[in-house]
Amino acid sequence: MLSSAKNPVKKKYRTGLYYRLSKEDGDKVESDSISNQRMMIRDYIRGREEFCVVDEYIDDGYSGASFDRPAFQRLYEDLKSGAVNCIIVKDLSRFGRNYIDVGRYLEHIFPEMGVRLIAINDNYDGESERRNSDAITVPIKNLMNDVYCREMSVKIKTLLEAKRKRGDCVSNYAPYGYRKNPRNRAKLMIDEAAAENVRNIFTWKLEGMSDQGIADRLNRLGIPSPLEYRIKSGQGISENFKQREQAIWSSKAVFRILHNEIYTGTLVQGKRKKLDYRSKEIARMPEDSWVRVENTHEAVIDREQFELVQRLVEKDTRIAPGKDKVSLFSGYVVCGDCGAKMVLRTSGSKTRKYQYFICNTYKKDRSCTTHNISYEKLYDVVLKAVQHQVELAVHISQLMETMDSASLNRKQMMQLEARMAELTEEVSRFEKIRKNLYEDYAEGILSREDYMEYMELYSRKINERHDAMKEVAREKSTLLHEDMESEWVTAFKKHKNIAELTRPVLVELVKEIRVFDNGSIQITFQYQDSILEMLDNFSECLSVEEIGNEKSAEGSVADGD
C-alpha cells in the first residue's frame with residue numbers, strides 16, 4: 001500500500017552513536033563525560049523513529065587531534081560496509097578537533113558515502129536545508145576546535161615540563177623495581193620484590209654474565225618478566241603487543257634495566273616527545289635536552305655499581321660458545337704496539353690445557369707480531385700489580401690519619417688564597433676608579449650619561465668580584481673540613497688482603513692492560529688523575545720513599561718473562 005503525499009514515510013537511518021573523551025584535549029568537565037554524552041544523544045533520538053541505533057562507539061581517553069582511534073576506526077569500517085549510514089555526536093569537538101581532517105570528512109568523504117552526521121550542540125545536520133549557511137559556520141567551529149586543541153597541547157606540555165624539572169615522575173607507570181607512592185603519585189617508592197631482581201641483574205653483569213645469559217637465568221628461575229609482573233600486580237598494562245602467552249625475559253629488557261639511571265635515585269625524563277599534537281609519532285630527543293633531577297627517590301643501585309656496569313659497555317664482552325660468562329680479562333688486554341684487542345686461545349690435550357693471549361691483528365693478517373703471553377703469567381702479574389696498588393692506598397690512608405687536612409691540601413689552599421688576594425686587589429682598584437669617576441663628573445670632565453654608564457659598569461665588576469670571593473671562601477671552608485680520604489683510596493683500600501682476581505675487582509680497579517712484544521706489561525688503573533693529584537700533594541709533605549714509586553699511578557709495568 002502506497003502512502004499518501006500528506007504522510008510520507010520517513011527514511012530510516014542505521015545510526016551509530018559516537019562518544020569521545022580525552023584529558024589530553026582538556027576534556028575534563030563533567031558535561032563532556034561519556035555518560036553525559038550518552039544521555040544527551042539518547043534524549044535527542046527519543047521519539048525520532050527515523051533513527052535505528054545499530055551500535056555505540058566509545059573512544060575514552062583518545063585525543064581528538066587524530067582520527068587514529070579504535071572505536072572511530074571500527075565505526076568507519078561499518079560506514080564503508082553500509083551497516084551504518086548516520087552518526088550522531090554531542091558536538092563537532094567530540095567528532096574531532098583537527099580542522100583539516102574534520103573538514104575533509106564533512107565536505108567530501110561523508111557526502112560521497114551518503115552518510116549523515118548530526119552534531120547536536122552545534123545544531124549541525126548533514127542533511128539540513130541550511131547546508132549552504134553551514135558551509136561558513138562549520139569550518140569556523142572546526143577551526144576553533146583545532147586552535148583549542150593546539151592551545152591545550154601547549155599548556156599540557158608546559159605543565160609536564162615544569163613537573164619534570166621539579167622532579168615529579170610524569171609517566172603513567174613506575175619503572176620495574178619501583179611503584180607509585182599512593183600518597184603522592186608523582187613520587188616513586190621501591191617495590192622490594194622487583195628491586196631484588198634488579199640488584200641481582202647488576203651483580204650478575206659485574207660477574208661477567210651477558211645480557212642474554214642473565215635473561216636466561218631469570219627465566220629458568222621462573223621470575224616474571226617486567227610485563228608479566230605489572231599485569232599480575234594489577235597495573236592495567238595492555239597485553240595487545242604480547243607475542244606469546246606469557247612474556248619472558250629478553251636481553252633487551254635486561255639491557256634497558258642495566259642502562260636506566262633511575263635505579264641510582266636520579267629521574268631522567270623527556271627522552272622522547274610527540275612531534276605534533278595531531279600526530280602520534282614520537283621522536284627521540286637529544287641528550288642535552290633531557291630533564292635530569294638527582295635524589296628524587298630512594299636508590300636501588302648505588303652510583304658506583306651503576307658506573308661500573310656502564311664501563312663494561314665499552315669493553316669487548318663476547319662470550320665463548322658453551323659459556324654463560326665472559327672470561328676474566330675479556331675486553332681489557334690490548335696489544336701494546338698496534339692497539340688491537342688481544343684474544344684468548346686454548347691449545348693442548350684433553351688432560352692439559354694451555355691458555356694464552358695473542359694480538360688480534362696478528363691473528364687476522366700477520367701485520368703485527370703475536371705478543372704471546374700465557375693466561376697464568378698475565379694473571380700473576382696483574383694480581384701483584386693490584387696488590388701493590390692496594391698496599392699504596394692502605395699506606396696513604398694510614399698517613400692521612402696522622403696528618404691534618406691543611407697540610408695535605410696545602411697546594412690547593414695556597415691557590416685559593418692567591419685567588420682571594422687577586423680578587424681583593426681588583427675590588428680595591430675598581431673602588432678607587434669609581435671614586436675618581438665622581439670627581440671627574442663634579443669637575444665637568446664626564447657628562448651625566450657617561451658618569452652613570454661607568455658607575456654601572458664598575459659597580460657590576462665589584463659585585464662580580466664579591467661573588468667570586470664568596471665562592472673561594474666556600475671552597476676554602478670545604479677544603480678544611482672535608483673527608484680527606486679520596487674516592488680512589490676508598491676503592492682500592494676495600495680490597496685489602498686481596499688474594500685472587502675476580503671480574504668485579506678488575507672492572508672496578510683496572511682500566512687497561514697493554515702487552516708489549518718484549519714481554520713487558522703495562523697496567524693502567526682507574527682513578528689515574530686522582531692518584532697523581534694526591535701523590536703530588538703528598539710530595540710536599542712526605543718523602544718519595546714514604547709514598548712509593550709514582551710510576552705505579554701512571555701504570556704498573558712488569559716483565560712478562
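I count a residue as exposed when its relative accessible area is over 50%, as buried when that area is under 20%, and as partly exposed in between. The model I am reading is a predicted one.

**Entry 1: E456**

I looked up E456 first. Its relative accessible area is 54%. E456 is exposed because that value is over the 50% cut-off. I find E456 in helix α15, which covers residues 448-481. I then asked which residues form a negative surface patch. The patch consists of E449, D450, E453 and E456.

**Entry 2: N463**

I stayed with helix α15 and went on to N463, which has its place there. The relative accessibility of N463 is 46%. N463 counts as partly exposed, because 46% falls between the limits of 20% and 50%. I also looked up a C-alpha separation for N463. The C-alpha atom of N463 is 8.7 Å from that of V427, and the two residues are 36 positions apart along the chain.

**Entry 3: N123**

I turned to backbone angles. N123 has a positive phi, near 55°, and is a residue other than glycine. I located N123 in the loop that runs between β4 (116-119) and β5 (124-125). Is N123 buried or exposed? At 52% relative accessibility N123 is exposed, because the value is over 50%.

**Entry 4: N295**

I noted a positive phi for N295 as well, with a value near 55°, again in a residue other than glycine. Where is the place of N295? I find N295 in the loop between strand β11 (291-293) and helix α10 (303-313). The relative accessible area of N295 is 68%. N295 therefore goes down as exposed, with 50% as the cut-off.

**Entry 5: the whole chain**

I count 20 helices and 18 strands in the protein chain. How much of the chain is made up of buried residues? The share is 45% of the 561 residues. The protein chain exposes about 31,800 Å², and 49% of this area is supplied by carbon and sulfur atoms.

Technical notes:
Residues numbered from 1 in each chain as written. Predicted model: local features only at pLDDT ≥ 70, side-chain atom pairs only at ≥ 80, totals over all residues. Heavy atoms only, no water. Patch = residues over 30% accessible without salt bridge, like charges linked within 9 Å, V, L, I, M, F, W, Y side chains within 5 Å. Areas by Shrake-Rupley, 256 points an atom, 1.4 Å probe, with all protein chains shown as cover. Salt bridge = Lys/Arg side-chain N within 4 Å of Asp/Glu carboxyl O. Lys, Arg positive; Asp, Glu negative; His and termini not counted. Charge placed at Lys NZ, Arg CZ, Asp CG, Glu CD. Helix = DSSP H or I, 4+ residues; strand = E, 2+ residues; numbered from the N terminus. Buried < 20%, exposed > 50% of the residue type's maximum accessible area, 1.4 Å probe, protein only.
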